[in-house]
Amino acid sequence: MSAQPPQSTDHSSSLDFASLDLPAPVLENLARLGYATMTPIQAASLPLALSGRDILAQAKTGSGKTAAFGLALLARIDVRAQDAAGPLLQGLVLCPTRELAEQVSQELRRLARAEDNVKILTLCGGTPMRPQLASLEHGAHVVVGTPGRILDVLGRGALRCATLRTLVLDEADRMLDMGFHDDIVAIADQCPPERQTLLFSATYPEGIARLGRRFLRQPVEVKLAEQH
Ligand code: ADP
Ligand code: MG
């Protein structure tokens with residue numbers, strides 16, 4: 001935990017990943033990935049996300065939003081937390097489409113070092129349910145998926161959010177456009193109230209503001225839409 005006051009933005013002026021409260025092996029992995037400096041959205045949101053704050057972030061496509069929430073989500077995972085079935089679910093990322101969910105899973109796997117053994121599952125509609133249920137039997141630290149399918153597996157009791165520490169709404173504006181509002185609400189209602197919530201969106205329509213007021217606790221608002 002940072003000793004700084006919650007609203008401090010001292011660190012956000014630095015673009016150096018080393019200014020973040022991240023373990024040395026994570027920093028080495030970022031260097032290996034060719035991530036030399038933070039993008040503006042990462043510099044503005046990561047220090048606060050890593051300190052546990054809820055974030056409401058608006059930034060255009062290609063600005064590096066996945067690592068902005070991914071590094072915070074991964075930092076809060078205890079890989080050893082498990083029950084008889086396997087790892088306990090600690091991170092959940094909701095995405096609008098299967099393609100985006102697969103991209104996010106891929107990026108999270110790059111950010112999570114292989115030796116840390118973080119188990120990441122992708123659960124999306126439009127793919128057969130049975131193999132997804134089978135993969136869930138052995139548990140996962142992180143699930144990335146589309147709201148409809150996630151709600152479905154929650155309803156079947158195949159996934160439980162009781163141990164969730166971080167909920168991410170990625171491309172939240174597109175999820176609302178696609179009619180996922182009620183599914184998102186139903187999923188968030190099953191997550192522990194003390195979880196951290198990170199909401200990322202390319203645009204900031206009233207629906208996003210409403211969602212933010214409903215789910216985020218004293219969020220830090222990060223808006224970089226004007227920068228090109
Ligand atoms: P967004 O979700 O905002 O559209 P992504 O998270 O998909 O953006 O990132 C876009 C691309 O930039 C990806 O290929 C990602 O690997 C790369 N990237 C993200 N952060 C950095 C960084 N700090 N340095 C270099 N490349 C980065
Ligand atoms: Mg993205």
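Me: How does the shell around ligand 1 divide by class?
Reply: In this predicted model, local features need pLDDT of at least 70 and side-chain atom pairs count only at pLDDT 80 or more, whereas totals for chains, interfaces and linings use all residues. Residues are numbered from 1 along each chain as its sequence is written, while chains are lettered from A and ligands numbered from 1 in the order in which they are written. Ala, Val, Leu, Ile, Met, Phe, Trp, Tyr, Cys and Pro count as nonpolar, Asp, Glu, Lys and Arg as charged, and the others, Gly among them, as polar. On that basis the shell around ligand 1 comprises 4 nonpolar, 7 polar and 2 charged residues.

Me: Which helix gives the largest share of the shell around ligand 1?
Reply: Ligand 1 is surrounded by 13 residues (C-beta atom, placed from the backbone, within 6 Å of the ligand). The closest are Y35, T61, G64, K65 and T66. The largest share, 3 residues, comes from residues 65-75 (helices are DSSP runs of H or I with at least four residues, strands runs of E with at least two, numbered from the N terminus), that is, from helix α3.

Me: Which strands stand at the edges of the sheet?
Reply: An open sheet of 7 strands, with parallel pairing, runs in the order β5-β6-β4-β7-β8-β1-β9 (two strands pair if DSSP finds at least two bridges between them). An edge strand has a single partner, so one side of it is left without a neighbour in the sheet. This holds for residues 120-123 and 220-223, which are β5 and β9.

Me: Over how many bridges do β7 and β8 pair?
Reply: Strand β7 covers residues 166-169 and strand β8 residues 196-201. Within this pair, T166 is opposite Q196 of β8. The two strands run in the parallel sense, and their bridges number 4.

Me: How are α2 and α3 oriented to each other?
Reply: Helix α2 (residues 40-50) packs against α3 with the axes 9 Å apart and an angle of about 15° (axes are lines fitted to C-alpha atoms over the stretch in contact, and angles run from 0 to 180 degrees between N-to-C directions). Angles under 35 degrees count as roughly parallel, over 145 as roughly antiparallel, 65 to 115 as roughly perpendicular and the rest as oblique. The two helices are therefore roughly parallel.

Me: What orientation does α6 have to α8?
Reply: Helix α6 (residues 147-155) and helix α8 (residues 181-189) have axes 9 Å apart. Their angle is about 40°. That makes the orientation of α6 to α8 oblique.
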